[in-house]
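Below are my notes, in the order I looked things up.

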Amino acid sequence: GDGRTALAFDLGAGSGRAFVGRLSEKEDGSKRLDVTEVHRFPNEAVQVGAHLHWDILRLLREMKKGIRSAWQQGYAPTTFGIDTWGVDFGLLDASGELIGNPYHYRDPQTEGLIEEVNARVGEERLFRESGLQFMPFNTIYQLYAMAKAASPKLEIARTLLLTPDLLAYMLTGVRSCEYTMATTTALYDPVRKEWNKPLMELLGIPSGMFLRPVRPGEIIGPLTAEVAEELRVPAMQAVAVGTHDTESAIAAVPAHGGPFAYLVCGTWSLLGTELAEPILAPEARKLEFSNEGGVGDTVQLLKNIMGLWILQECKREWEERGEELGFAELAAMAEQAEPFRSLIYPDDPRFFGPGSMLARIRTFCEETGQPVPREAGEFARCILESLALRYRQALEQMERLTGREYEGLHMVAGGIQNKLLCRFTARAIGRPVWAGPVEASVIGNLLVQFIATGECRDLDEARRLVGVSFPVESYPADETAGWPEAYERYLGYERAVVGG
Ligand code: LFR
C-alpha cells in the first residue's frame with residue numbers, strides 16, 4: 001500500500017459494510033477522496049431465551065471476508081478502522097477470552113432502570129457527570145442490570161471492550177478503549193475527562209475493567225500474525241477512528257466556517273451541533289440533549305430521535321406478511337397519500353422495542369383521536385411527516401440551548417436516500433436542507449485514518465475534502481403550506497402522550 005488507501009468498516013444495527021477509500025491528488029495539487037464498497041453483509045440480532053444478542057462472531061467473520069475481498073480486488077490498504085453503533089460492549093475474562101454474547105441495546109433487561117438509577121444517583125448529578133440524555137440502553141443501565149442480577153459474568157470480567165474495540169481486539173490482539181465510544185456509556189465524566197469511578201461504585205459496577213481512552217487518530221496495532229496468515233494479507237494497522245458511527249458521520253459533514261446544525265439520518269436520527277464545551281445546564285437535561293465526545297476534540301450536542309427505525313420495522317412487518325415493499329416504493333406511495341392525515345410523536349417509548357409497529361401506530365392515532373392509517377402509503381406518510389416535525393422541534397430546542405440560529409440543516413447518512421424525508425424536513429423547518437454525503441460514517445472513518453497517517457491535516461481540511469469529493473443536494477424550503485398548522489397539532493399529541 002502507498003499510505004493513501006485505507007479500509008473502513010461501518011457496522012450498523014441492520015447491516016455492515018467494508019469500503020476502500022483512496023486519496024488522490026489532482027494536477028493543481030488539490031485532493032479528492034473516492035470510496036468503493038468491497039463487502040456488505042446483514043447484521044442480524046439473535047434472540048436467546050429472554051435476551052437479544054449481537055451475533056459477534058458472524059460480524060468478525062464478515063469483517064475478515066471484507067479484508068480478503070479488498071486485497072483480492074487489487075487494493076492495498078495499509079490501515080483499517082472500525083465504527084459501530086454506540087453503547088454496547090463485550091467482557092473479557094482473565095485469559096482474554098470473550099465472556100458470553102454481547103447484549104443488543106434493544107434487549108429489555110434495562111426496562112425501568114432509568115428511574116431506578118435516577119432514584120439512587122439523582123438525575124441532576126447523573127446528567128452533570130455524564131452529559132447524556134437518559135436513554136434506556138446506555139451502558140450504565142446495561143451494567144447496572146447485570147450488577148443487580150448478580151451476574152456471574154460480571155464477577156469474572158477483567159476488561160470491558162466497547163463493540164468496535166472488541167472487534168479490533170479480535171483482529172489485533174490489542175485491548176483499547178476509544179474515546180468517542182467511551183462517552184456513550186454515561187460512565188465517563190466529560191468535565192473531569194475520566195471514568196466516573198465513584199458513580200460505578202455507587203451502582204455496584206466493577207470499576208477495574210475500564211481502560212484509559214485513546215483519541216481518534218491513534219494507532220491500535222497491526223493484525224495478529226495468525227489473522228494476517230489466515231487471510232494471506234500483510235499486517236495492516238488498526239487505527240482508532242471515531243469508532244462511534246455517529247461521530248464518524250459528523251466528521252464527514254461538509255460544513256465550514258461558523259456553527260452549523262446537522263442531522264445524521266439512519267436507523268436513528270441524531271440532530272445536533274458541534275461545540276467546544278459541553279452544555280450541562282439543567283435546561284439541556286430537561287430538553288433531553290446529549291453531549292457526546294466527537295472527532296478532533298469536539299463536543300457534539302445532539303438529540304437521539306427514534307428515526308427510520310419505525311419505518312424499517314413496518315417494512316419488516318409487511319415483508320412477514322408477504323408484501324415486499326422497497327423504501328423507494330414506500331416513499332412513492334407516501335407521496336400519493338393525503339397530507340397530515342395522522343401524526344405520531346416518534347419518541348414515544350412505545351416505538352422503541354422491536355415488535356408490531358403497525359399496531360402501535362394505530363393505537364397512538366386512536367388514543368389521540370386521529371384517523372388510523374389504512375395502507376402502507378398512509379403509514380409511511382405519517383411516519384415521515386412526524387419525523388420532519390420532530391426535527392423542527394429539536395432544532396428549535398437546540399437554538400434555545402445554544403443561543404444560536406442555524407441557517408439550514410445538513411443531512412447525512414443512508415436515510416437521505418429517502419428524498420421525501422429531506423423535502424418534508426426542509427418544509428417543516430422552513431429552511432434549506434443540504435443532503436450529502438450518503439456514506440458519511442464510512443467517509444468520516446476513512447478521514448480519521450488519513451489524519452492519523454498524515455495524509456490529511458485536520459478535521460477542517462477533511463471536511464473541505466468531503467465538500468469537493470461528494471455530491472450535496474439542496475432542498476429549498478418551498479411549499480411550506482400546511483406545515484405550521486401540522487406542527488401545532490403534533491405538539492398537542494406529544495403533550496397528550498408524554499404529559500407536561
Ligand atoms: C446510531 C447510534 C446512536 C446511538 C445508537 C445506539 O447508529 O450509534 O448514536 O445512540 O446508535 O447505540
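I started with a helix pair and checked its handedness: α15 passes α16 in a right-handed crossing. This is a predicted model, so I'm reading computed geometry here.

Next I looked up where the two helices sit in the chain. I found α15 at residues 376-402 and α16 at residues 419-429. Their axes come within 8 Å and cross at roughly 45°. An angle between 35 and 65 degrees counts as oblique, so α15 and α16 are oblique to each other.

Which residues of α15 and α16 meet? From α15 I noted Leu 384, Glu 385, Leu 387, Ala 388, Leu 389, Tyr 391, Arg 392 and Leu 395. On the α16 side I wrote down Leu 420, Leu 421, Phe 424, Thr 425, Ala 428 and Ile 429. Sorted by class, this contact has eleven nonpolar, one polar and two charged residues.

Last stop was the ligand. What is around it? I listed Trp 85, Gly 86, Val 87, Tyr 105, His 244, Asp 245, Thr 246, Gly 266, Thr 267, Trp 268, Leu 270 and Asn 304. By class, I have five nonpolar, six polar and one charged residues in that shell.

Note on methods
Residues numbered from 1 in each chain as written. Predicted model: local features only at pLDDT ≥ 70, side-chain atom pairs only at ≥ 80, totals over all residues. Near = placed C-beta within 6 Å. Nonpolar A, V, L, I, M, F, W, Y, C, P; charged D, E, K, R; others polar. Axes fitted to C-alpha atoms, helices over the stretch in contact; angles between N-to-C directions. Helix = DSSP H or I, 4+ residues; strand = E, 2+ residues; numbered from the N terminus. Parallel < 35°, antiparallel > 145°, perpendicular 65-115°, else oblique. Left-handed = near helix turned anticlockwise from the far one by under 90°. Contact = placed C-beta atoms within 7 Å.
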